[in-house]
Amino acid sequence: SGVNAIGFQYVGFIDATNAIDAGSTITNATVISGTLTNQGTLNGKVTVSGGATLTTSGVVSVDAASTNSGVIANSGSFTVASTLSNAGSFTNTGLLTNNGLLSNTGTLLNSGTLVSTAGTFSTSGQLTNSGSIAGTVTVTSTGEVTNQAGGNISGLLAGITGSGVTVANAG
């Protein structure tokens with residue numbers, strides 16, 4: 001309770017089973033294995049290894065180059081101010097704000113709000129939206145964008161390049 005782990009090169013969580021409470025701040029969190037639940041604040045570099053899970057209803061502020069090879073489930077406030085490379089699975093039911101570079105080569109499911117008006121958002125993976133996306137989405141390579149009924153993308157689907165690009169819009 002009320003833990004502040006700041007100033008470290010990284011803070012590693014192996015076989016994570018506990019929650020970071022609302023009064024705690026962790027800088028440079030690395031989820032190596034298990035499921036880490038965040039109700040507090042994560043900032044700096046955020047890394048989720050393959051097979052690991054980060055579930056967050058708190059605040060995440062990525063302000064150093066970060067990667068997700070596992071699973072991220074966000075129902076809180078998640079801000080990319082630097083670079084986030086998603087090669088795993090990212091589910092957003094909260095607020096995802098991209099002011100940097102959000103690169104998706106994995107799966108990104110959005111039923112919340114994704115704002116990328118001040119950043120660059122590119123996908124060569126799968127993007128499924130039933131919520132709201134504001135900003136330009138650049139689809140490359142074999143990227144897939146599925147905008148489901150009730151989904152809204154207010155911006156451009158730009159840079160659609162590649163032989164296997166698929167865009168399906170029911171929203």
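Which residue in β12 is the bridge partner of T55? Find the strands first, then the pair.

Solution. The model is predicted: local features need pLDDT of at least 70 and side-chain atom pairs pLDDT 80 or more, while totals for chains, interfaces and linings use all residues. Residues are numbered from 1 along each chain as its sequence is written, and side-chain values use heavy atoms, without hydrogens and water. Strand β9 covers residues 53-56, and strand β12 covers residues 71-74. The two run parallel and are joined by four bridges. A73 in β12 is the bridge partner of T55. Here strands are DSSP runs of E with at least two residues, helices are runs of H or I with at least four, and both are numbered from the N terminus. Two strands count as paired if DSSP finds at least two bridges between them.

**Overall make-up**

State how many helices and strands the protein has, and how much of it is buried.

Solution. Begin with secondary structure: the protein has zero helices and 25 strands. Next, take burial: of its 171 residues, 43% are buried. Buried means under 20% relative accessible area, exposed means over 50%, and partly exposed lies in between (1.4 Å probe, protein chains only). Last, consider contacts between residues at least 6 apart in sequence: 1% of them join residues at least 24 apart. Contact means heavy atoms within 4.5 Å.

Give the strand order of the open sheet of nine strands and name its edges.

Solution. The order is β3-β6-β9-β12-β15-β18-β20-β22-β25, and the pairing is parallel. The edges are β3 (19-20) and β25 (166-169), each of which pairs on one side only.

Solution. 
- β7 pairs with β10 in the parallel sense over four bridges; L42 faces V60 as its opposite residue.
- β10 and β13 run parallel, joined by four bridges; V59 is opposite S77.

**The aromatic pair**

Which residues form the aromatic pair, and how are their rings arranged?

Solution. A search of the whole structure finds one aromatic pair. F78 and F90 form this pair, with 5.1 Å centre to centre and 80° between the planes, an edge-to-face arrangement. Rings of Phe, Tyr and Trp (its six-membered ring) pair if their centres lie within 6.5 Å; planes under 30 degrees apart are stacked, over 60 edge-to-face, and the rest tilted. F78 lies in β13 (residues 77-80) and F90 in β15 (residues 89-92), 12 residues apart. F78 counts as buried because its relative accessibility is 1%. F90 is likewise buried, at a relative accessible area of 1%.

Solution. Leaving out residues up to four places away in sequence, F78 touches V60, V62, I72, L84 and F90, among others.

**Two polar side chains**

Is T56 buried or exposed, and what do the side chains of T56 and D63 reach?

Solution. Start with T56, which is in strand β9. T56 counts as buried because its relative accessibility is 1%. Its side chain makes a polar contact of 2.9 Å with the side chain of N38. The side chain of T56 also reaches the backbone nitrogen of G58, at 3.2 Å. A polar contact is a pair of N or O atoms within 3.5 Å; within protein, one must be able to donate a hydrogen and the other to accept it, and residues adjacent in sequence count only if both atoms are side-chain atoms.

Now turn to D63, in the loop between β10 (59-62) and β11 (66-68). D63 is partly exposed, because its relative accessible area is 46%. A polar atom of the D63 side chain lies 2.9 Å from the backbone nitrogen of G44. D63 and G44 are 19 residues apart in sequence, with their C-alpha atoms 4.9 Å apart.
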